[in-house]
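Subject: Handover of a structure and notes on its features

Dear colleague,

I am passing a structure to you for your records. Please look through the sequence and the model below before you read the notes.

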Amino acid sequence: MKKTCIQKGCAAFSFPYFEGWYLKHQNQENTIAFIPAVHGDKSGKWTVSLQVVTEDGAWYFTYPKEACRISRKPFGVRVGKNIFTEKGIKVDIKSRDLTVKGCMAYAPFDRLSYDIMGFFKYIPFLQCSHGVLSMHHSLRGSLLVNGRKISMTGGRGYIETDKGRSFPKTYLWTQCGFGKSSSVMLSVADIPFFGTHFQGCICAVHCGGREYRMATYLGVRIEEYGDGKVTIRQGKMRLKVRRLEEASHDLKAPECGEMTRIIRESPSCRVRYEFWSGGGLVFDVIAEQASFEQVNEND
């Protein structure tokens, strides 16, 4: 992994700034996600964090900036003794409340055909930009979590990334893998833009060897949006999502480059996904291990 110190070349960043990666791992019974991140506040002071999220809870750890190394091509992040790459991960976390140790290898990534942000990728002043590194990849290996061995061999993984100044004021995000290699990612968020706001949407569905893409830059319409529900339509494609239960934990999120905001995420909960294309139903799935996160105006 080509290593770049975050403290070097800081002039390339416009502060405040954050960049984080969400690496999700699941088998039939367990979910564990790691969120390494770097953040620079308004004064340009860097901090480094690593969050761990399971169905049982969430934990937040901080590290000195010297403990972090980043590579974007190929993807690789090191935070202390913890290494996250395209080939897999090696984790060694020890604290009073949580210990996680082990290795997992990744199969080749199931990548998007082009950037999830479309032409918005080239707009430098967006509050937050999203990226998807892998919609699906199979796992091999195991983790020791608080003394309990969890085999992830045969499980599935998903990786995405965010960067910018702050998370959106309001948003809904959900992700789910099902079947042999199918995966859904949907985000609807409030987007500040040239002194005004609009509700933006990005969505990718991988199913049956095909990629379906719905997004603001492709003319998607948000037909319904509310607490725990969203329906979007684009041409002959339509996706309806309903959260059927919530099992959320507190996570820290960036606000002006600092991890001072508290949001709630359900890393593993029941969500129904219905997707139509060309006038026909492609799938109607009730997922027991979907991820769902929503921040409303008053949260």
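Predicted model: local features only at pLDDT ≥ 70, side-chain atom pairs only at ≥ 80, totals over all residues.

Residues are numbered from 1 along each chain as its sequence is written, and side-chain values use heavy atoms, with hydrogens and water left out.

Pockets

A pocket here is an open set of points on a 1 Å grid over the protein atoms alone, where a 1.4 Å probe fits and protein lies on both sides within 12 Å along at least five of seven lines; lining residues have an atom within 4 Å of a point. Volume is the space filled by probe spheres set on the points, which are joined across faces, edges and corners. Strands are DSSP runs (E, at least two residues), numbered from the N terminus.

The largest pocket holds about 1,000 Å³ of space. Its lining consists of 33 residues, and those nearest the centre are D115, K121, G131, T161 and K163. At least two lining residues come from each of β2 (17-26), β6 (68-72), β11 (128-145) and β13 (156-164). The strand that gives the most to this lining is β11, with six residues. By class, the lining of the largest pocket has 16 nonpolar, seven polar and 10 charged residues. In this division, Ala, Val, Leu, Ile, Met, Phe, Trp, Tyr, Cys and Pro count as nonpolar, Asp, Glu, Lys and Arg as charged, and the others, Gly among them, as polar.

The second largest pocket has about 270 Å³ of space. It is lined by 18 residues, with N27, R156, G177, F178 and G179 closest to its centre. Strands β11, β14 (171-178) and β23 (280-295) each supply at least two residues of this lining, and the largest share, four residues, is that of β23. The lining of the second largest pocket divides into four nonpolar, 11 polar and three charged residues.

Hairpins

Two strands pair if DSSP finds at least two bridges between them. Strand β7 (residues 75-79) pairs with strand β8 (residues 82-85) in the antiparallel sense, over four bridges. In this pairing V77 stands opposite F84 of β8. The hairpin of β7 and β8 has two residues between the strands, and G80 takes a positive phi near 60° there.

Strand β8 also pairs in the antiparallel sense with strand β9 (residues 88-94), over two bridges. Here I83 stands opposite K90 in β9. The hairpin formed by β8 and β9 has two residues between its strands.

Cysteines

How many disulfides does the model contain? With a disulfide taken as a pair of cysteine sulfur atoms within 2.5 Å, the count is zero. C103 is in no disulfide, and the nearest cysteine sulfur, that of C68, is 19 Å away. C103 is partly exposed at 44% relative accessibility; buried means under 20% relative accessible area, exposed over 50%, and partly exposed in between (1.4 Å probe, protein chains only). For C207, the closest cysteine sulfur is in C176 at 11 Å, which is too far for a bond. C207 counts as buried, at 15% relative accessibility.

A buried serine

S49 lies in strand β4 (residues 46-54) and is buried, with a relative accessible area of 0%. The side chain of S49 has a polar contact of 2.9 Å with that of H39. Such a contact is a pair of N or O atoms within 3.5 Å; within protein, one must be able to donate a hydrogen and the other to accept it, and residues adjacent in sequence count only if both atoms are side-chain atoms.

Backbone features

Most residues other than glycine have a negative phi, and most peptide bonds are trans. The peptide bond from F15 to P16 is cis, with omega near 0°, and P16 lies in the loop between β1 (4-5) and β2. K73 and P74 are also joined by a cis peptide bond, with omega about -5°; P74 is in the loop between β6 and β7.

N146, a residue other than glycine, has a positive phi near 50°. N146 is in the loop between β11 and β12 (148-151) and is partly exposed, at 45% relative accessible area. C256 is not a glycine either, and its phi is positive at about 55°. The loop between β21 (249-255) and β22 (258-277) holds C256, which is partly exposed at 26% relative accessibility.

Yours sincerely,
A colleague
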